[in-house]
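These are my notes on a single chain and its ligand.

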Amino acid sequence: MALPFIVLLVLFAAAPEVVRCCTPSDLQALLAFKAGLKDPNFGVFSTWKGSECCSKWYGVSCDMSDGRVAGINLHGEAVDLDSSMLPRRVRFITGSISPAICRLDRLSTFILAYWRNISGPIPPCITSLSMLRIFDVVGNQLSGPIPGDIGRLSRLTVFSVADNQISDQIPRSLTNLASLMHLDLSNNRITGDIPEPLTGTIPPSIGYMERLADLDLSVNRVSGTIPNTLGKMRVLSSVYLDCNALSGAIPPTLLSSHGLNILNLSRNALEGTIPDVFIAQSYYTALDLSYNRLTGPVPKTLKLASYVGHLDLSNNNLCGQIPAGEPFDHLQSSSFANNHCLCGGRSEVPTLTPSISENTRRAKPSRLRRTTLDLTVRSRSDG
Ligand SMILES: *[C@@H]1O[C@H](CO)[C@@H](O)[C@H](O)[C@H]1NC(C)=O
Ligand SMILES: *[C@@H]1O[C@H](CO)[C@@H](O)[C@H](O)[C@H]1NC(C)=O
């Protein structure tokens with residue numbers, strides 16, 4: 001008799017109360033953040049008034065159990081400004097990111113992407129946001145360094161500051177980010193070398209980047225050599241280091257890595273021979289080593305690879321015979337153009353297969369590619 005009643009009571013107690021208002025201190029922090037930004041035409045912040053910041057404010061989400069702000073998600077349009085298909089009105093927000101966001105100490109997602117004109121630094125205090133999982137400020141005018149103690153953000157899965165004017169070196173502490181899956185620093189003014197990633201040989205308690213899948217440092221001023229341990233990172237699948245000032249040899253571990261599908265080392269100052277270490281598990285949708293100072297022959301073991309979609313070894317100092325057989329038979333001669341003394345290989349037969357590079361990668365940093373990536377990572381972390 002009493003049982004259904006109890007069940008009903010429990011059901012009521014468990015039903016989530018609809019939280020409309022955030023706490024007064026979170027409300028003040030949001031208002032201070034809004035005050036730092038100016039959005040003259042489009043009214044992104046027009047709903048940011050009154051007290052119902054959890055239910056009515058555009059882009060704000062809260063933890064329903066206590067009304068603390070958990071997410072700010074303000075995503076502009078990822079259009080290429082040089083493109084001829086420019087929509088009539090492109091949205092610009094001016095101003096800077098107020099350090100007041102650091103008072104939102106339960107914040108887990110902060111997305112302020114593609115507003116083009118937001119300048120000033122990444123507030124260093126964001127490293128105190130211990131719940132932060134996603135930090136995405138792609139496509140603005142942010143300057144100054146990446147906060148030095150970024151390694152404190154142990155839950156961070158996405159750190160994306162591409163297409164800004166971020167300068168200075170990559171902080172060493174970044175290699176402690178054990179949850180990081182997607183790191184995109186491309187198209188900035190980053191200098192110095194690539195910090196040596198710590199790998200599985202040390203106790204995980206110290207923390208190392210064991211989950212990193214996508215690394216994009218392209219179009220910066222990164223110098224020094226490519227760390228050996230990069231190729232030992234177990235889930236790394238795409239590495240873009242193109243358009244930098246890297247020198248020295250390509251580490252063999254990188255090319256023999258099992259999981260790597262996209263490797264772009266184009267337009268650096270890499271020297272030495274291409275390590276002849278490919279294996280049957282090698283599967284490359286794109287392997288671009290063009291515009292370096294590589295010498296020696298085309299590696300014969302590439303024939304072992306289970307797939308090589310797009311290969312670019314052009315504009316180096318390679319020499320010798322291009323091996324026959326797959327994958328060399330389906331590659332265009334432009335893959336080998338402008339080398340020292342390469343010969344053989346397939347002749348200039350036009351191919352009807354569309355160039356894969358158009359799909360996998362850009363001529364310039366492709367904002368659209370990133371949007372897709374962002375969505376994948378987001379849905380992955382939602383699950
Ligand atoms: C961009 O910001 C600057 C000041 O930082 C301002 O003078 C300029 O008008 C802004 N441009 C647009 C398109 O909003
Ligand atoms: C590699 O990077 C270069 C320089 O940024 C770019 O031109 C090229 O298209 C990229 N290669 C591939 C296969 O995407």
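Predicted model: local features only at pLDDT ≥ 70, side-chain atom pairs only at ≥ 80, totals over all residues.

I began with contacts in the chain, two residues being in contact if their C-beta atoms, placed from the backbone, lie within 7 Å. Among those between residues at least 6 apart in sequence, 56% join residues at least 24 apart. Residues are numbered from 1 along each chain as its sequence is written, while chains are lettered from A and ligands numbered from 1 in the order in which they are written.

I then looked up burial. A residue is buried if 20 or more other C-beta atoms lie within 10 Å of its own, exposed if 12 or fewer, and partly exposed in between, with C-beta atoms placed from the backbone. Of the 383 residues in the chain, 37% are buried. For secondary structure I count five helices and 23 strands; these are DSSP runs numbered from the N terminus, helices being H or I with at least four residues and strands E with at least two.

Not counting residues up to four places away in sequence, I find Val-161 touching Ile-122, Val-137, Val-138, Leu-142, Ile-166, Leu-185 and Asn-188.

I checked helix α2 separately. Its twelve residues reach 16 Å from first C-alpha to last, close to the 16 Å expected at 1.5 Å a residue, where the expected span is 1.5 Å times one less than the number of residues. Asp-26, Leu-27, Ala-29, Leu-30 and Phe-33 are buried in α2. Seen down the axis, these buried residues fall within an arc of 160 degrees, so they line one face of the helix; the arc is that of the directions from the helix axis to the C-beta atoms. They pack against β2 (60–63) and β3 (68–75). Pro-24 and Ala-35, on the other side of α2, are exposed.

Where is Val-19 placed? I find Val-19 in the loop between α1 (2–14) and α2 (24–35). Val-19 is partly exposed because 17 other C-beta atoms lie within 10 Å. Leaving aside neighbours within four places in sequence, Val-19 is in contact with Cys-54, Cys-62, Met-64 and Gly-67. Val-19 and Met-64 are 45 residues apart along the chain, and their C-alpha atoms are separated by 5.6 Å.

I looked around ligand 1 with a cut-off of 6 Å from the C-beta atom, placed from the backbone. The residues there are Phe-92, Thr-94, Asn-117 and Ser-119.

Last, the backbone. Most residues other than glycine have a negative phi, and most peptide bonds are trans. Asp-168, in strand β10 (residues 165–169), has a positive phi near 75 degrees. Tyr-291 also has a positive phi, about 55 degrees, and I place Tyr-291 in the loop between β19 (283–288) and β20 (293–296). The peptide bond from Glu-326 to Pro-327 is cis, with omega near 0 degrees. Pro-327 is in the loop between β22 (317–322) and β23 (341–344).
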